[in-house]
Amino acid sequence: MARFTVSVEVRAPAAKVWAALTDWRNHARWAPLTTVRLTTERMDGLGAGFVARSGLGPLGFDDPMTVVRWEPPQGDAPGRCDVDKHGRVIRGKAWFVVVPRPDDRCRVDWFEDVTVVPHRLDRVTGGLVALAGRAGFGQALRKMAREAER
């Protein structure tokens, strides 16, 4: 299993950051070699679905996801969004928490708990996936933060 967490402080209000993170198409701007397409009419709320494709041309994989928890931040209360990953290559869950801070700031904590399929590869690739995921999501969240801070 690949498990990792990435946190970033953002000099922007929690509601603004939540809106950016839950517009799934934005992730394609922040994550290298990734495109995102919606698979449901709605992109927000429970049941929203999308597919992130990572890689170059045929050397890539689809990462289909469905939103299973949707709790936007309200006032001082943090927001949380969970997605189930149900692809052929990556399965598991990912979630993020947007924690409001004083002075129109917030912190984003991103979590991944995934398995590489077939499972026999997971023992070999789990650590590499966690390392690459931590680096990639860290970079993506820093890009998101720079955009939100403008």
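Which side chain meets that of Asp63 in a salt bridge? The side chains of Asp63 and Lys85 are joined in this way, at an N to O distance of 2.5 Å. A salt bridge is defined here as a side-chain nitrogen of Lys or Arg within 4 Å of a carboxyl oxygen of Asp or Glu. Side chains of opposite charge can pair when their charged atoms come close. The structure is a predicted model, in which local features need pLDDT of at least 70 and side-chain atom pairs count only at pLDDT 80 or more, while totals for chains, interfaces and linings use all residues. Residues are numbered from 1 along each chain as its sequence is written, and side-chain values use heavy atoms, with hydrogens and water left out.

Asp63 is buried, at 8% relative accessibility, and Lys85 is buried at 7% (buried: under 20% relative accessible area; exposed: over 50%; partly exposed: in between; 1.4 Å probe, protein chains only). Strands (E, at least two residues) are DSSP runs numbered from the N terminus.

A search of the whole structure finds 12 salt bridges. One of them joins Glu9 and Arg101, whose closest N and O atoms are 3.0 Å apart. Glu9 lies in strand 1 (residues 2-10) and Arg101 in strand 6 (residues 90-101), 92 residues apart. Glu9 is partly exposed at 46%, as is Arg101 at 33%.

Asp82 pairs with Arg80 at 2.7 Å between the closest N and O atoms. Asp82 is buried, at 12%, whereas Arg80 is partly exposed, at 23%. Salt bridges with shared partners also connect Asp63, Lys85 and Glu112 in one network.

Conventions: Helix = DSSP H or I, 4+ residues; strand = E, 2+ residues; numbered from the N terminus.
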